[in-house]
Each structure stands twice: as structure tokens, then as C-alpha cells.
Amino acid sequence: MPSTRRVKVLAIALAVAVCTILYLSNDSSSQDFYSRTVAALDKKQASDQEVAQKLQDIKDAAKAQEPVVPTTPQKPIAASNEDGKPIEVKPPAYAEEQNSDNPTGGKADDDAKSVAGRKTMLKGGETKDLHSGKEAPMAVDRGKEKYPAGKKVEKEEKVESKEDHEVEMELNSILKKGPIIIFSKSYCPFSAKAKRILLEKYTIVPAPYVVELDTHPLGPGLQAALAKSTGRRTVPNVLVSGRSIGGGDDIEALDAGGGLVEKVKGMAGKRIMEAKLTEEQ
């Protein structure tokens with residue numbers, strides 16, 4: 001039976017042999033992988049160079065097929081007859097007539113348009129008869145004239161604001177208070193004169209209704225509405241059946257002339273039940 005020492009030596013020798021075999025086998029496989037990788041890279045590089053060369057060949061061929069543009073303009077070839085003399089082209093008679101009427105030559109087509117072969121429509125909105133050569137004003141479409149091209153069309157109807165609506169409603173409500181309305185201001189002496197004549201000097205049934213614009217919440221709006229409807233912006237403004245008969249001086253003049261009662265009854269009609277001087281009672 002072999003000794004223990006000999007067994008150990010044999011085991012060590014066997015292990016060394018196995019390690020050597022494994023190292024040699026791994027080294028050969030690594031060399032094979034490396035060589036295959038290098039060969040693949042070389043093949044890809046050669047393929048890329050081949051594709052680039054083909055693209056360059058295609059570009060060169062396309063440039064060779066482009067037409068050559070002459071740098072110097074060619075002179076027009078004049079038509080000639082058998083004797084070698086140039087042929088003179090004469091314009092037709094009707095073209096000469098048009099050229100005589102239109103000295104601008106080729107601009108005639110831009111400046112005018114023929115209508116039914118008889119008239120020419122100029123840019124300025126006029127027509128020209130080709131036979132007589134006289135210019136006549138063209139009928140203008142009023143719808144197009146009202147809204148010319150290139151201009152923004154504004155709405156004709158003004159949008160009514162909330163305040164304007166309130167003023168209109170309030171004015172209509174005031175006019176229903178009675179046949180005679182006195183639009184006044186409490187500090188105005190002319191308003192005081194008109195109120196004194198209509199309310200104290202005369203007895204009018206129903207009595208005139210007084211609106212003090214300086215204390216009314218819609219006073220400025222009412223005064224502007226009265227100026228627009230009656231043409232009178234100052235106070236007092238006395239209305240009979242919705243129509244203005246004037247201010248303080250006008251009422252004083254009617255009173256002095258004795259025509260105030262007749263004026264009021266004539267405009268208000270049956271709405272005035274009584275109108276007379278207070279002193280007559």
C-alpha cells in the first residue's frame with residue numbers, strides 16, 4: 001500500500017495537470033473570439049466604404065446630366081423672307097385705333113376692362129366707349145359705395161347700454177305723468193320763472209308735473225335724451241304732449257302775449273280739462 005506522502009504528491013501532480021489543460025483550452029477559445037471580432041469589424045468598414053463610394057458615383061452622374069445654362073442672352077431671330085430681308089409685321093387697324101386712344105400702350109389691359117366688346121371700364125369708376133372714344137360716368141352700386149372695399153364696416157345700430165335703457169324707460173314714465181312736464185333745476189332762476197307762471201299765475205288741470213334734473217338720479221341722462229329728442233339742452237324745458245314749447249323766456253313771452261292758454265290747449269287737446277288765469281277766479 002502506497003504511503004501517505006506518495007498519495008499527496010500524486011494528487012498535487014494531478015491538480016497541476018488539470019489546471020494546465022483548462023488554461024490552455026481557455027486561451028485558445030479567447031484567441032478564436034478575438035480573431036472573429038476583428039474580422040467582423042474589418043468587413044463592416046469595407047462595406048461602409050463601398051456604400052460611400054456608390055453615393056459619390058451617383059452624385060457625379062447627376063451633376064454630369066445637368067443642362068448648361070448660357071451666360072449670355074441669345075438675340076431673337078428676326079423673321080425674313082426668301083430675299084433675306086426682314087419681314088415687317090403691321091398691327092391690325094383696330095389695334096392702331098386702340099393705341100391712339102390709349103397712349104400708355106400695354107397698360108391698357110391693366111387699366112381697363114372691356115364690357116361686351118363696346119365699352120371699357122377704367123380704374124377710376126368711369127366707362128369709355130370704344131367707338132366714340134368718349135368717357136361717361138359709370139353707374140355706381142350704392143350698396144358698394146356705402147361700404148367701400150378695404151374699410152371696416154361699422155354697425156349702424158348702436159348697442160344700447162343699460163343706463164340708456166333706464167333713461168328711456170324713466171323718460172317714458174315721466175311723460176305719462178301729465179300733459180305738461182316742466183324739466184327744471186332747483187337753483188336755476190329761469191326755471192323758477194317758468195314754474196311760477198305755469199303753477200301760480202295759471203290754473204291748469206291736471207297741474208304741470210315738475211322734474212328737478214339736478215336732484216334726479218338719472219338727471220344727466222334725461223337732459224341728454226331731451227337734447228337729442230327736442231333739440232334743447234338747457235333748462236327749463238317745458239313739454240306739452242311730448243313736444244317742447246321752449247324755456248323760461250318763451251313761457252314769459254306767451255304769457256305776455258296772452259297766447260299761453262291757447263297754445264297749451266291746442267297742443268294737449270282734451271287732455272287739458274282746464275287752463276285759465278288764476279286771477280279770473
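In what follows, contact means heavy atoms within 4.5 Å. By that rule, Ile272 touches Pro179, Ile180, Ile204, Val205, Val264 and Lys265, leaving aside residues up to four places away in sequence.

This is a predicted model, in which local features need pLDDT of at least 70, side-chain atom pairs count only at pLDDT 80 or more, and totals for chains, interfaces and linings use all residues. Residues are numbered from 1 along each chain as its sequence is written, and side-chain values use heavy atoms, with hydrogens and water left out.

Let's look at two helices (DSSP runs of H or I, at least four residues; strands are runs of E, at least two; both numbered from the N terminus).

Val167, Leu171 and Ile174 of helix 5 are buried, meaning under 20% relative accessible area with a 1.4 Å probe, protein chains only. They lie on the same side of helix 5 because they cover an arc of only 65° around the axis, taken from the directions from the helix axis to the C-beta atoms. Their cover includes strand 5, strand 7 and helix 7.

Now for the cores: a nonpolar core is a set of buried Ala, Val, Leu, Ile, Met, Phe, Trp, Tyr and Cys residues joined through side-chain atoms within 4.5 Å. The largest has 16 residues, and Ile272 and Leu198 are among those with the most contacts inside it. Helix 9 gives the most to this core, with 4 residues. A second, separate core of 13 residues includes Val167, Leu171, Ile174 and Leu222.

Key. Buried < 20%, exposed > 50% of the residue type's maximum accessible area, 1.4 Å probe, protein only.
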